[in-house]
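Please keep the sequence and the model in view while reading.

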Amino acid sequence: MSVPAGHPLLEVRGLCADYGAGPDAVHAVIGADLVLQSGEVLGLAGESGSGKSTLAYAITRLLRAPGMITGGSVGYYPRPGTAVDLLSAEEGTLRVLRWSQISVVMQSAMNALNPVLSIGAQLTDVLRAHRPDLSKAARRARAAGLLAMVGITADRLDSHPHELSGGMRQRVMIAMALALEPQVVIMDEPTTALDVVTQREILQELMELRERLGFAVLFITHDLSLLIEIADSIAVMYAGRLVERAAAKALFRAPRHPYTLGLLSSFPALHGPRRHLTGIPGSPPDLRRLPSGCVFHPRCSYVMDRCRTDAPALLPLAATGDGLSSVPRAAACWLQDGSAPPPPELAAAPDLAGSQS
Amino acid sequence: MYVISRRIGFYILTAIAAVTVDFFIPRVMPGNPVNAVLAKMQNTNVTKATLRALEVEFGSGTREGIWGQYVRYWNNILHGNLGISTSNGMVPVTTVIRGALPWTLGLVGTATVLSFILGTLLGVLVAWRRGSWLDTLLPATTFFQAAPYFFLAFLAIDLFAIKLGWFPAGSARSTLDFPALSWTYISDVLDHAILPALTIVVASAAGWIVGMRNVMITTMDEDYVLIAQAKGLPKRRVIWYAARNAILPSISGFSLAIGFVVSGALLTEIVFSYPGLGFILLSAVQEADYALLQGIFLVITMAVLIANLAADFVYVFLDPRTRQEA
Amino acid sequence: MAVGSSTDLGATQAADLTPPPPRPLAGRGRLRLPRSPKVLIGLGGLAVFLVVAVIGPWLAPYNPTRAFSTTASFPQPPSAAHLLGTTQQQQDVFSQLLAGGRSTVLVAFVAGLLATVLSVLIGVTAGYAAGLADDLLSMLANFFLVMPALPLLIVIFGFLPPSQGGDDVLIGAIIAITGWAFGARVLRAQTLSLRNRDYVESARITGERGWRIIGFEILPNLIPILASSFLFTVLYGVGTYTALAFLGLVNPNHLSWGGMLFYAQVAGAEQSGYWWLFIPPGLAVALLGTSLALLNFGIDEFINPRLRAGGLSRRRARRAQVPGTARPPRRFELGMTPVIRSTPLTAVNGAGLQDFPERPGTHASPSADGRPDAARRWRGRRPR
């Protein structure tokens, strides 16, 4: 994939989101920082319950009740010179922004598509809402064009969701998401519910579309192996916090957080020497009773005393760039605070020519 | 259309069963219905022909077997012969029913439809504005749901007709003029119809409101509603998308509830002395006019079946998933 | 709509709306009802009525059938001697009210019990057995569902000789025959969905007998629905019995609230304004029904927690407010996640956004937000 050369499109700083209020509140996202560059694919990886979906929906304020945003800021910069504060935007502004600038693809197309409406109706309703200048025929033509873009014939415009196969439905969702040519597409595990073959097809189409239309993608998944292929940069979440952030290649080559290391060791590589597959011992914490200090420490094989009491911030790591726009690396681990060299599996990779670490 | 034809088949079966039940009830009840009828008819002169007719009607005193009687019963029904009404001067049952049916259809029909529409709309509103003061209305609706229709009718009469004098207290029209398409006649009819209609609407709307609210709340949690919001569609459209799905179980519920609503409406008619089916049903019971009783039961059942069929049609129209031609 | 069959309109809908998946018997806690005001009021009301039903006749100040005067021919309004006045036959209304509760409550509960038993037998069997048995039983249930209940009952009771019309249990049984179908449909749907659960499948594979599976795995999970269905049928029984008595189809000498309304109608109560004749019994029926309905509401909310009145109560919203943040809203609007607290967009300094400064040190708490150095609300960025 090409290295994106764009400007920062979406900036999330210190975002905090809770479910519920008061002492029983579940802190689903704590202090998340993200930057999405235009045209880039940013992968958001983590286990179920890590808060990745919450983060994504909180960005556009689509969090379901009783979700609330309790801190931070979200800035959207569609063009140099304009900035929109998504958290304080009014309903009208959000309504205009939504879908025309930022759209969403959900995991299950069967649930995300309205079962009683035809495909054509669901493709054209955004056109009607956002582009009132288009005539009915023009809308229909555009809808047909969208379907063609994802490889579905136009006669399906009058079909209903239950008449399509799973892969087709997902394609329809993607076409729907691109109807207004947004700058950002948030994809919440779009291929998790599909079989592997369809998964690959859809991902390929997705990447082709991205090449053509140039939108940025926030790709949420629990499958880190997927992100190898498609992501430019990756952010790893655990228990509501971002624990590592790096360019994709660099992350895979040299993870700097024990959790990332554990994730990478959890799936086998097709090539290379045979490795002993390790998982990550233990299970994700109850978000209402988080461990003190570093939230990962109960499951960490490198735990130190300090980890039990102090929670590390996302510490910037030396970004060994090669002249291209370097994605700053960061990891929330005391091993990386520079006071002592980290263990070799968590150390910076030796600087190979033309690669980052 | 496979679905619809299956439903029609079911309704036909049900109709047959209803007729059969109607046939058997007087025959399986303890006691001799003929004697009971005669006991009630002490003052009128009972001719031999009447006696004969009654015996044939109820199957006593004939040498025909049950099956023969059953066949004859069917024969009569299919020829539109529902028997003789003993309490209305020996006129055919069909005549009596034909006089009362339009009143019932008019009142109950419109009131039910109105109530459904109103209840559904309110239900959508309460669900959308969830957490607002509207939620406090819900327990009040349970009161209206639980109160018997005729009690509400009593209250309505007492309050609006007697104490406030806004509306007439009973019957369908003030004068016994022949029906004419004059404004005075029509307005008179409407005037008399408002209170009973209001009673029916208030009593039954509560059920629709709560039902629709519950379904809407579940529907609003669906992904496609969230996507509709994510699309930046105007609020009205989002509500429409949700309601369009939520109405389907409501329509199923309509078919279930229509039996209840009809029953309640009949009772309301009685309290208001409205000359519909309910009213003549009551007099049939009191006068032991069994033929009329059976006839009314059949007519009501048929009407409910037809209403069910209509609701089925609407459901299939609204839900494309049922139209799957396997 | 039809119970059963794949062409059942609304079956998929009903299945989608069935309660969240229940758990296998092992590891289930006791059934706990939420302590919502609805449930408490409903329970309280019901308890009151049950008590009145049992001891009512003893509480009554007078014999309900005793006529107090042979000369007066109009119902007497409430007075000191007769708290709720007298009927046209000069009987004490208050005593009648207290005594009449017993028969109403008895009939309704008998009807509810029998109907529930019937609906369990038919509904669960249909759901579990599937195949031809399911089809037949479903058709039977459909028939009873579609048949309008009250007209049928009127015909039955119309033909019933009056001597039988005083037997509460018999009346309850007859009412039950018309009222079991709805519960059967719901139970069948739930049994169907349960039947396909893994733990039921595994019980079948290991050879457990059908009855044991039904008894131990399926039935316990049906309890909330059973309770709701029972209450619903009792409610139906109350209404129907009152209606039948009102129509005079039940032996009028047998005291019940519906019967009181019958006599009220005979006396021309609403036309003549004898409100004490019809308001007390009518209100009693309405309140009994309301208690049942409220209780049912509460159970529905227990089954499907999403149905609870949404939003936060004022007190909870106040208590939940963290200092320095806005109060959480009482109403959650879909698509507009509330923002309790946020940081305005930071001013941009010349370095650009590509590497933004991290917060130094540790996170003490989510709200220990480092206030940006030059925090100004930016709606538009200056061109650079």
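What percentage of the 326 residues of chain B count as buried? The share is 48%. The model is predicted, and every value here is computed from it.

**Chains B and C**

Chain B holds twelve helices and two strands. Along the sequence its pattern is α-α-α-α-β-β-α-α-α-α-α-α-α-α. Chain C has twelve helices and zero strands. Read from the N terminus, its elements run α-α-α-α-α-α-α-α-α-α-α-α.

The table sets out the two chains.

| Chain | Residues | Buried |
|---|---|---|
| chain B | 326 residues | 48% |
| chain C | 384 residues | 47% |

In chain C, the corresponding share is 72%.

**Where chain C touches chain B**

The interface involves 60 residues of chain C and 67 residues of chain B. On chain C, these helices each supply at least two residues to the side that touches chain B: α1 (11-16), α4 (131-146), α5 (149-159), α8 (210-246), α10 (269-272) and α11 (275-303). The largest share comes from α11(C), with eleven residues.

**A strand in chain A**

In a regular strand the side chains alternate between the two faces of the sheet. Strand β6 (residues 102-105) of chain A is covered on both faces. I102(A) and V104(A) are buried on one side. S103(A) and V105(A) are buried on the other.

What is the partner of β6(A)? Strand β7 (residues 184-188) of chain A is joined to β6(A) by four bridges, and the two run parallel. Within this pair, I102(A) stands opposite V184(A) in β7(A).

**A loop residue in chain A**

T192(A) sits in the loop between β7 and α7 (196-213) of chain A. Is T192(A) buried or partly exposed? T192(A) counts as partly exposed because 14 C-beta neighbours lie inside 10 Å, while a buried residue needs 20 or more. T192(A) and S108(A) are 84 residues apart along the chain. Their C-alpha atoms are separated by 8.4 Å.

Conventions. Residues numbered from 1 in each chain as written. Chains lettered and ligands numbered in written order. Predicted model: local features only at pLDDT ≥ 70, side-chain atom pairs only at ≥ 80, totals over all residues. Contact = placed C-beta atoms within 7 Å. Buried ≥ 20, exposed ≤ 12 C-beta atoms within 10 Å, placed from the backbone. Pairing = 2+ DSSP bridges.
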